[in-house]
Amino acid sequence: MQPSRRMRLTDQIAKVIFFLCALLLVGVIVSVIYFIASKAFLIFGSGVNPLTFLFGTTWDPTGIGHMDADGNPVPYFGAGGLILGSVVTTLLSVLLVIPFAVGTAIFFTELAPKWVITLLQPLLEIFTGIPSVVIGFLGLIVLVPWLQQLSSPLTGGLATGGYGWGAAILVLFVMVLPTVISVSIDALRAVPQSVREASLALGSTRWQMIFKAVVPAASTGIATAVVLGLARAIGETLAVAMVLQGHRLPENLFSLKIFFQPNVNITAFIAQDFGETAGTAQNAYWTLAFILLFISFLFICISRYLASRSVYK
Amino acid sequence: MSVSREAQPIVAQPERRHITDLQRVARRLHRNDRVATVLLWGIGGFVALLFIGIIIKLLVDGMPALVKPSFFLGTDDADIAKQIFNTFYLLILTEAFLFPIALAAAIYLVEYAPQGKLVATIHFAAETLAGVPSLVLGMFGFLVFGIYMQLGISRLSGALTLLCLNFPLALRLFEEALSSVPRELREAGLAMGASKWYVIRTVVLPSAVSGIITGLILTAGKIIGESAALLFTMGTFSPANVFTLNPLIGSDTLTTRLYYVKGPGAGQTGLEPMQETALAAGIAAVLIVVLFVINIGARALGRALQKKWTAA
């Protein structure tokens, strides 16, 4: 009986260790939310109005850029410009991604001959995991000079033209596209072949089959892909930081020029300045982090809801 | 309506018109079909060309550095020996935490846990954690590992942060690997009177080895390519004595070096702007080559190991 009892004991111990490891994952996410939330609201305790924080457009938490008459720094906590930057670049880049991603996914599942798939599949996998600094670097040496030339009639030949939201949107396009494509491909592949056959048997052309039968059947899956793309875009940091290069929201908000001059968003500002701040100024960055965390959490919940509603999985 | 059709005998007209209507519809449908085919080929081709173009551009720009051995071996500011060492040190340190923990968690979820609320909660936690921006996780690591656990800006803080970042991905890949082992194998082992852990050790893990290796290598790719999470946990500088195994010093990696050289540190690295760009291009090309090797190698190695282990 001795060996078997020892075996049962190791079995129990192994089980407990495995369980603790699985629980660690829950522990990590809970502590991420807890620690960031615990820092996020400190700033409002030190007299900053939440509305000013959300809608003000002057961001200078250390106050170095705004000295008063006696030479003391006057901090400003208006994150409106940063939030606007994140929202504009995220939404526009994903809007741009949708037709390309869905088109490519349809091409991939319905049209492409085998050799094209064997070529595209590894490319897609590499680009899903491509380091964001690499794309940022490429944006810096290819996209920015090109956009500067393109926009010079608009900006009057601004030397720093080319940096900004326009470049950020295109960089995000490259970063988000592979993710949305591969999730859309999964959604389209999950539609059973019988749906296609039924549609074709009714006399549809391939075009009708795709857009009247397959795409509607996969629509929730494609929507999930788009939401995951949004989540990816809002958290993307270094690629965007390298091509934004701004320190404040430009003034001419309602002209096309806005896309072609140095600009701001949440992540770029955190990456640039968080490490060099302390105290109240740093608290402001924790609030920004919490906003990012909250938005991504929202996107994940939406994508889970959509995924739970899809017919074919 | 054409004149000739109106001149047709009156009896045949409705039927004829019916046929021409049908033909017109069919023609329109086929035209749309052709237009859609061309459009989809165009989009697919554009995306493929974009991807291929990016890779070619990176490789061409980095080629002068890639063919120069001193670029990999030199310890000057313009070379990357330090960053290569740091990157692989960080990779091994992170995997030393990540691999056992994620594999254990996957074993629990696949082999032990009763399907139900607990598994759903852990999966929800994994999805949420996977959605947290890496920058935010970096700030979390800075606070918890750097300040509260007093590890400071160090390789250990960086590795622990990357553990949090890659846990969901590793868990999913390992779960897939374990779930792909057929039930019958487990049942056969249990029916022989072996304990569950014994069956996992001797039957399930060897059968799942190809998936596990694939998962290990794919997470390695993510660790090598990660940068935002390391800015505040590992810093962007290498100390002079970088070639040590001390986990408590901060250091830069290939990615953070690339960011620093072309981002906040541009003009302060002691290099000419041309050298900075050449260095950045070299690092970008090295990263792309490594990712290529990893993605293609992961599956090939997994398959080879599968054969060897299951045949033995």
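Author: A crossing of two helices is left-handed if the near helix is turned anticlockwise from the far one by less than a right angle, and right-handed if clockwise. Helices here are DSSP runs (H or I, at least four residues), numbered from the N terminus. The model is predicted, so local features need pLDDT of at least 70 and side-chain atom pairs count only at pLDDT 80 or more, while totals for chains, interfaces and linings use all residues. Residues are numbered from 1 along each chain as its sequence is written, and chains are lettered from A in the order in which they are written.

Reader: Which hand has the crossing of helix 4 of chain B and helix 7 of chain B?

Author: That crossing is right-handed.

Reader: What describes two packed helices?

Author: The description consists of the angle between their axes and the distance between the axes. Axes are lines fitted to C-alpha atoms, for helices over the stretch in contact, and angles run from 0 to 180 degrees between N-to-C directions. Helix 4 of chain B packs against helix 7 (residues 155-179) of chain B at about 40°, the axes being 7 Å apart. Angles under 35 degrees count as roughly parallel, over 145 as roughly antiparallel, 65 to 115 as roughly perpendicular and the rest as oblique. The two helices are therefore oblique to each other.

Reader: At what angle do helix 4 of chain B and helix 10 of chain B pack?

Author: Helix 4 (residues 81-112) and helix 10 (residues 209-225) of chain B pack at about 135°, with axes 10 Å apart. This pair is therefore oblique as well, and helix 4 of chain B passes helix 10 of chain B in a right-handed crossing. Residues are in contact if their C-beta atoms, placed from the backbone, lie within 7 Å. Among the residues making this contact are Leu90(B) and Phe99(B) of helix 4 and Ile212(B) and Leu216(B) of helix 10.

Reader: Is Ala48(B) buried, partly exposed or exposed?

Author: A residue is buried if 20 or more other C-beta atoms lie within 10 Å of its own, exposed if 12 or fewer, and partly exposed in between. Ala48(B) has 19 C-beta neighbours inside 10 Å and therefore counts as partly exposed. Ala48(B) lies in helix 2 (residues 13-66) of chain B. Apart from neighbours within four places in sequence, Ala48(B) is in contact with Leu120(A) and Leu123(A).

Reader: How many residues does each chain give to the contact?

Author: Chain A gives 70 residues and chain B gives 70 residues. On the side of chain A that touches chain B, helix 1 (residues 2-40) of chain A gives the most, with 20 residues.

Methods:
Contact = placed C-beta atoms within 7 Å.
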